[in-house]
Structure formats: C-alpha cells, structure tokens
Amino acid sequence: NAQTWSGSWSTGFDDSKDKILLTFSGGAPSELIELQEDWLIIKMEDNFMHFEHTSGGNGDTDIVHFERI
C-alpha cells in the first residue's frame, strides 16, 4: 500500500544548532502533519538520519529515525 504525499524540507541554524524543518502539502494524514516541527539534526548520513524535537510545553523529547533500506 505505498502512498505518496508531497512536501518539502529545509535546513537552517536556530538556537545555535543545525535543524531541519519538514513541511507536508494538503491532504497529508495527521501523523505526518505532527512531524512539521523544527527538528534538531543529531546525525545525517547517506542512508541514515536521526532527528530530535523537544516540546516547548512539557519538555518531552520526540525522536525520529529515517533509514534507507
């Protein structure tokens, strides 16, 4: 059931840290919309990416790993 949603990403420097911002275009499910944050880049390689986002409200940290298989 491969599905595709359009979006974009950009990198930048914020709070003295390298970050990535994910944005999804119309019709993306809520699970993807929740990823629209400024993620701290922990590790970024050709086949693996590790990002973290700390909530401003309660201080919880979300972690996302992408791996090419």
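Modeller: Let's start with Lys19, which counts as buried because its relative accessibility is 14%, under the 20% cut-off. Keep in mind that this is a predicted model. There are 4 salt bridges in the structure, and Lys19 turns up in several of them, so let's go through its partners.

Take Asp14: its side chain meets that of Lys19 in a salt bridge, 3.9 Å from N to O. Asp14 itself is partly exposed, at a relative accessible area of 35%. Then there's Asp15, whose salt bridge with Lys19 has the closest N and O atoms 3.5 Å apart. Asp15 sits out in the open by the numbers: 56% relative accessibility, so it counts as exposed.

Asp38 comes in from another strand. The side chains of Asp38 and Lys19 form a salt bridge at 3.4 Å, N to O. Since Lys19 belongs to strand E2 (residues 17-24) and Asp38 to strand E3 (residues 38-44), this pair ties together parts that are 19 residues apart in sequence. Asp38 counts as partly exposed, at 30% relative accessibility. In general, side chains of opposite charge can pair when their charged atoms come close.

For contrast, have a look at the nonpolar side of things. The largest nonpolar core has 6 residues: Ile20, Leu22, Leu35, Trp39, Phe51 and Val64. Beyond its neighbours within four places in sequence, Phe51 is in contact with residues including Ile20, Trp39, Val64 and Asp62.

Definitions and conventions:
Residues numbered from 1 in each chain as written. Predicted model: local features only at pLDDT ≥ 70, side-chain atom pairs only at ≥ 80, totals over all residues. Heavy atoms only, no water. Core = buried A, V, L, I, M, F, W, Y, C linked by side-chain atoms within 4.5 Å. Buried < 20%, exposed > 50% of the residue type's maximum accessible area, 1.4 Å probe, protein only. Contact = heavy atoms within 4.5 Å. Helix = DSSP H or I, 4+ residues; strand = E, 2+ residues; numbered from the N terminus.
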